[in-house]
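Reader: I'm new to this one. Can you walk me through it, a bit at a time?
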Amino acid sequence: MNHYVLAAITGIWLADGISLLIAPRFVIGRVRDALQINPSLRFWQLLSTTAGIALLLGTRELPYQLLWTLTAMVMIIKGVFLAWGSPAWRSLMVEWCVQREDVDYRFVGIGLCTLAVLLLHALGWLGHE
């Protein structure tokens, strides 16, 4: 069951990464629209924190342990910051994130795809004989 939760995280990373590679302006436009409708980000805070905790606990026996620990900590810190950070700091951070150039989002997309492939490899679902 644990591997399926990690595979779900991989699927999210891969879908987000590919969409940012293919159509970054469209994706960020949709994010801006969603933020205008509901600026609280409550669902994303919870998702990021929960996925970070699952990644931290679920990857103890997997290769690339340091990578998963750092990635999980970043996810947890980001989720906690968005949940309990100062509204002024939070809005500055969100505004900075949605005002990047397309190439910046493409680099994020490459990073997410790389994380997804490495996690699939660590789980033994990719590249093992």
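Reader: Where is Tyr64 found?
Author: This is a predicted model. In it, Tyr64 lies in the loop between H3 and H4.

Reader: Why mention that?
Author: Most residues other than glycine have a negative phi.

Reader: Is Tyr64 buried, exposed or partly exposed?
Author: Partly exposed, because its relative accessible area is 35%. The cut-offs are under 20% for buried and over 50% for exposed.Reader: New topic. Which residues touch the most other members of the largest nonpolar core?
Author: Leu6, Trp13, Leu55, Leu62, Trp68 and Leu119 do. That core has 23 residues.

Reader: Which helices supply at least two residues of this core?
Author: Helix H1 (2–22), helix H2 (24–37), helix H3 (42–58), helix H4 (65–84), helix H5 (87–98) and helix H6 (102–123).

Reader: Where does the largest share of this core come from?
Author: From H6, with seven residues.

Reader: Back to Trp68. What does Trp68 touch?
Author: Leaving aside residues up to four places away in sequence, Trp68 touches Trp13, Leu55, Thr59, Leu62, Pro63, Leu115, Leu118, Leu119 and Ala122.

Reader: Now the helix pairs. How do the axes of H1 and H6 cross?
Author: They cross at roughly 155 degrees and come within 7 Å. Angles over 145 degrees count as roughly antiparallel. H1 and H6 are therefore roughly antiparallel to each other.

Reader: Left-handed or right-handed crossing?
Author: Left-handed, as H1 passes H6.

Reader: Which residues make the contact?
Author: H1 brings His3, Leu6, Ala7, Thr10, Trp13, Leu14, Asp16, Gly17, Ile18, Leu20, Leu21 and Ile22. H6 brings Tyr105, Arg106, Val108, Gly109, Ile110, Leu112, Cys113, Leu115, Ala116, Leu119, Leu120 and Leu123.

Reader: How many are nonpolar, polar and charged in the contact of H1 with H6?
Author: There are 18 nonpolar residues, four polar and two charged.

Reader: And H4 with H5? At what angle do their axes cross?
Author: At roughly 125 degrees, and the axes come within 8 Å. That makes H4 oblique to H5.

Reader: Which residues meet there, H4 to H5?
Author: Phe81, Leu82, Ala83 and Trp84 in H4 meet Trp89, Arg90, Met93 and Val94 in H5. By class, this contact of H4 with H5 has seven nonpolar residues, no polar ones and one charged.

Reader: Next, Ser48. Which helix is Ser48 in?
Author: Helix H3.

Reader: Buried or exposed?
Author: Ser48 counts as buried, because its relative accessibility is 8%.

Reader: What does Ser48 touch?
Author: Met75, Ile76, Lys78 and Gly79, with residues up to four places away in sequence not counted.

Reader: How far apart are the C-alpha atoms of Ser48 and Met75?
Author: They are separated by 5.6 Å, and the two residues are 27 residues apart along the chain.

Reader: Last one. Where is Asp104 found?
Author: In helix H6. Asp104 counts as partly exposed, at 28% relative accessibility.

Reader: What separates the C-alpha atoms of Asp104 and His3?
Author: A distance of 31 Å, for residues 101 residues apart along the chain.

Methods: Residues numbered from 1 in each chain as written. Predicted model: local features only at pLDDT ≥ 70, side-chain atom pairs only at ≥ 80, totals over all residues. Heavy atoms only, no water. Core = buried A, V, L, I, M, F, W, Y, C linked by side-chain atoms within 4.5 Å. Buried < 20%, exposed > 50% of the residue type's maximum accessible area, 1.4 Å probe, protein only. Helix = DSSP H or I, 4+ residues; strand = E, 2+ residues; numbered from the N terminus. Contact = heavy atoms within 4.5 Å. Axes fitted to C-alpha atoms, helices over the stretch in contact; angles between N-to-C directions. Parallel < 35°, antiparallel > 145°, perpendicular 65-115°, else oblique. Left-handed = near helix turned anticlockwise from the far one by under 90°. Nonpolar A, V, L, I, M, F, W, Y, C, P; charged D, E, K, R; others polar.
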